[in-house]
Amino acid sequence: MVYLTRKCEFSASHYYYNPEVSAEENQRIFGKCANLNGHGHNYTLEVTVKGDVDPKTGFVVDLKALKEILNREVLDGLDHRHLNKEVPEFLRQIPTTENLAIAIWNRLQGKLHVAKLHRVRVYELPDLFVDFYGEA
Amino acid sequence: MKVHLTRRYLFSASHRLHCDELSESQNQATYGKCNNPHGHGHNYALEVTVSGQVDPGTGMICNLSDLDRSVQSEVLERFDHVNLNARQEFAATVPTTENLSEVIFNILKQSFTAAHLEKVRLEETMMNSFEYAGGAELRV
């Protein structure tokens with residue numbers, strides 16, 4: 001079994017706000033992230049797939065196909081978007097990095113027919129990242 | 001859904017790798033320049049990985065400010081700008097980064113309970129890093 005990771009970047013804006021609690025409570029939980037004018041990040045996404053090395057090609061996955069799927073299923077929908085306002089998963093869910101990693105996993109799972117998805121890692125900042133392995 | 005979150009912190013400390021049970025020449029052979037008598041320092045980068053279910057109300061595993069507070073008060077204030085050999089945590093062990101990883105994991109396991117502590121990863125230099133997950137297998 002070999003693991004392969006593809007890295008890409010996207011930039012998006014968001015804010016954290018739960019309409020079910022008061023403005024003061026939102027401010028307490030989310031701090032400056034609760035500002036409804038939003039703010040932005042340069043995200044780094046790492047998608048790790050796993051599989052056996054094909055004896056003929058020496059590849060675990062067709063990288064070109066992987067890149068096309070990543071572009072189509074993830075980057076086209078997230079890059080230079082406002083996550084709360086334009087991305088369907090976050091119309092009713094807070095676009096934290098945790099939820100973003102789950103959403104990206106769900107977008108790729110099922111579409112990624114060329115290899116088995118192992119991990120989705122999303123960096124919001126160089127010192128903060130989230131991993132999701134598709135676990136319940 | 002179980003999600004893993006990692007936060008990175010920086011601290012600087014000095015140490016000297018030396019084992020009292022070994023002779024001078026054995027220490028030199030084992031630790032090389034890390035055995036030099038007056039010690040030396042590193043800028044350490046610490047990555048703390050926690051995991052848990054995403055709270056539907058907040059969208060978060062745990063509040064980052066709680067994690068920051070624990071790491072700041074329990075780890076960084078203890079080890080930043082100190083000589084590790086002089087700390088009581090290393091009274092009986094050599095302050096290698098292996099041992100430091102284990103010490104930090106055990107400190108955080110006690111003090112941070114808002115999410116499950118998965119592992120700590122400690123970079124001693126850009127060229128080497130160490131991971132400790134309380135004895136559990138590491139994820140890729």
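Trainee: What pLDDT does chain B average?

Mentor: The term pLDDT is the predictor's confidence in each residue, from 0 to 100, and where it is low, the predicted coordinates should not be read in detail. Chain B averages 95, and 99% of its residues score at least 70. The model as a whole has an ipTM of 0.81 and a pTM of 0.87.

Trainee: Which pattern does chain B follow along the sequence?

Mentor: Chain B has three helices and five strands, and along the sequence they come in the order β-α-β-α-β-α-β-β. Its C-alpha trace spans about 60 × 30 × 25 Å along the principal axes.

Trainee: Which strands of chain A pair in the antiparallel sense?

Mentor: Two strands pair if DSSP finds at least two bridges between them. Strand 1 (residues 2-14) and strand 2 (residues 39-51) of chain A are joined in the antiparallel sense by 13 bridges, and strand 2 of chain A also pairs with strand 4 (residues 116-125) of chain A, again antiparallel, over seven bridges. You can follow this through A:Val49, which is the bridge partner of A:Leu4 and also stands opposite A:Leu117 in strand 4 of chain A.

Trainee: Which strand of chain B do five bridges join to strand 5 of chain A?

Mentor: That partner is strand 1 (residues 2-15) of chain B, which runs antiparallel to strand 5 (residues 128-132) of chain A; here A:Leu128 stands opposite B:Arg7. For the wider interface we count contacts, where two residues are in contact if their C-beta atoms, placed from the backbone, lie within 7 Å. By that count, 17 residues of chain B are in contact with 24 residues of chain A. On the side of chain B that touches chain A, there are seven nonpolar, six polar and four charged residues (Ala, Val, Leu, Ile, Met, Phe, Trp, Tyr, Cys and Pro count as nonpolar, Asp, Glu, Lys and Arg as charged, and the others, Gly among them, as polar).

Trainee: How many residues of helix 4 of chain A are buried?

Mentor: A residue is buried if 20 or more other C-beta atoms, placed from the backbone, lie within 10 Å of its own, exposed if 12 or fewer, and partly exposed in between. Nine of the 12 residues of helix 4 of chain A are buried, so that the helix is mostly covered. Those buried residues pack against strand 2, helix 2 (63-78), strand 4 and strand 5 of chain A, together with strand 1 of chain B.

Trainee: How many residues does the largest nonpolar core have?

Mentor: A nonpolar core is a set of buried Ala, Val, Leu, Ile, Met, Phe, Trp, Tyr and Cys residues joined through C-beta atoms within 7 Å. The largest one has 52 residues, and A:Ala101, A:Ile104, A:Val122 and B:Ile104 have the most contacts inside it. Helix 4 of chain A gives the most to this core, with six residues. Leaving aside neighbours within four places in sequence, A:Ile104 is in contact with A:Leu45, A:Val74, A:Val120 and A:Val122.

Trainee: Is B:Phe105 buried or exposed, and what about A:Asp52?

Mentor: B:Phe105, in helix 3 (residues 97-111) of chain B, is buried because 21 other C-beta atoms lie within 10 Å. A:Asp52, in the loop between strand 2 and helix 2 of chain A, is exposed because it has 8 other C-beta atoms within 10 Å. Even so, A:Asp52 and A:Met1, 51 residues apart in sequence, are 4.8 Å apart in space, C-alpha to C-alpha.

How values were computed: Residues are numbered from 1 along each chain as its sequence is written. Chains are lettered from A and ligands numbered from 1 in the order in which they are written. This is a predicted model: local features need pLDDT of at least 70, side-chain atom pairs count only at pLDDT 80 or more; totals for chains, interfaces and linings use all residues. Helices (H or I, at least four residues) and strands (E, at least two) are DSSP runs, numbered from the N terminus.
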